Amino acid sequence: MLKRNVIDIVFEWTAILATAMVMFLVLLQVFYRYVLNNPIGWTQEISVFCTMIIVMLGAAIAFKRGEHISISFFVELLPEKLQKVVTVISNLVSIVFLVTLSYQSWLLSKRAMMQISPTSGIPLGYIILFVTVGMALSALYLLPQVFKPKLHNVEDEALAEINHDK
């Protein structure tokens, strides 16, 4: 369990650092473009790559915490046992989708290794690997929720948030 926590921390800090990098690169680009009147071409491309890292790792982290977007209104109307069944089926379908997407992005990344990014010179296959890793990690984080499904109750969550704010 300790290794998993260290890996989680590494992924979270990678997303945080990628966010800081995007902010820095955008500010640098604005400064060079409007103050020095000499735009830098590679900053936009690298910031897009960092944004991909943020999105892919952010999705995985949201799955891990059980905070990914969901519409639970209709599920909450069902009895608790049926809620668990629907949640498990939903999680299984999501895992199949995530694994399929991860595998297909892996295949795409192998084909894209020969394509080079125009301004940064990075092979595009490495960039597509962000999707592969993010989706595989999302599926891995969602897997325990198949065996212990987290049921969402909006009323309980709202009351917990109100009590937390006090």
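Start with the aromatic rings: this predicted model holds 1 aromatic pair. Select Phe31 and Tyr32, the two partners. Their ring centres sit 6.0 Å apart. Now turn the view until you see both ring planes. The angle between them is 80°, so the pair counts as edge-to-face, for which the planes must be over 60 degrees apart.

Stay on these two residues and show the surface. Phe31 has 39% relative accessibility, so Phe31 counts as partly exposed. Tyr32, with a relative accessible area of 28%, is partly exposed too.

Next, look for charges. Side chains of opposite charge can pair when their charged atoms come close. How many salt bridges are there? The count is 1. Select Arg65 and Glu12 to see the salt bridge. Its closest N and O atoms are 3.3 Å apart. Zoom out and follow the chain between the partners. Glu12 belongs to helix H1 (residues 2-35), while Arg65 belongs to helix H2 (residues 42-65). The two residues are 53 residues apart, so this pair links distant parts of the chain.

Arg65 is partly exposed, at 45% relative accessibility. Glu12 is also partly exposed, with a relative accessible area of 23%.

Last stop: step just past the end of H2. Gly66 is there, with a positive phi of about 70°.

Methods: Residues are numbered from 1 along each chain as its sequence is written. Side-chain values use heavy atoms; hydrogens and water are left out. A salt bridge is a side-chain nitrogen of Lys or Arg within 4 Å of a carboxyl oxygen of Asp or Glu. Helices (H or I, at least four residues) and strands (E, at least two) are DSSP runs, numbered from the N terminus. Buried means under 20% relative accessible area, exposed over 50%, partly exposed in between (1.4 Å probe, protein chains only). Rings of Phe, Tyr and Trp (its six-membered ring) pair if their centres lie within 6.5 Å; planes under 30 degrees apart count as stacked, over 60 as edge-to-face and the rest as tilted.
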